[in-house]
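Hi,

Here is the structure I promised to send over. Have a look, and my notes follow below.

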Amino acid sequence: MDEELQRRIAENEGLLREVNEAIERGQWPGEQDSDAAFRCECARLDCSRLISMTPREYERIRSTPRRFVVVPGHEVDAVETVVEVRHGYAVIEKRDKAGQLAEASDPRSS
Ligand SMILES: [Zn+2]
């Protein structure tokens, strides 16, 4: 995959994380264990699939900068490793260059 494309994907994923963090923050106190609709954080620029999971679960995955939640099958094997498969979603971890870009584009790291 060329670097320009990788950078564009990392930017897209950074944006999706901001959207998902807003969803997470938008929950009422006490709703941490109720399902909410998060956006799939995959590399497909036109993906708008939703993932149903609890804010607590999202937060657990999100606390690792290289990890993203995606709809099962939306992982890109060339740059990502599936580390967990749950009901309705998969957790991926970015490798190498893609992992560095993911850390750099993490809204929490700036
Ligand atoms: Zn997707």
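Among contacts (heavy atoms within 4.5 Å) between residues at least 6 apart in sequence, 52% join residues at least 24 apart. Before you read on: this is a predicted model, where local features need pLDDT of at least 70, side-chain atom pairs count only at pLDDT 80 or more, and totals for chains, interfaces and linings use all residues. Residues are numbered from 1 along each chain as its sequence is written, and side-chain values use heavy atoms, with hydrogens and water left out.

The protein has three helices and five strands, taken as DSSP runs numbered from the N terminus (helices H or I, at least four residues; strands E, at least two). From the N terminus the order is α-β-β-α-β-β-β-α.

Of the 110 residues, 40% count as buried, meaning under 20% relative accessible area with a 1.4 Å probe, protein chains only. In α2 (residues 55-62), the buried ones are P55, E57, Y58, I61 and R62. They sit on the same side of α2, because they cover an arc of only 160 degrees around the axis, going by the directions from the helix axis to the C-beta atoms. Their packing partners are α1 (3-25), β1 (36-39), β2 (50-53), β3 (67-70), β4 (80-86) and β5 (89-94).

Cheers

Terms used. Buried means under 20% relative accessible area, exposed over 50%, partly exposed in between (1.4 Å probe, protein chains only).
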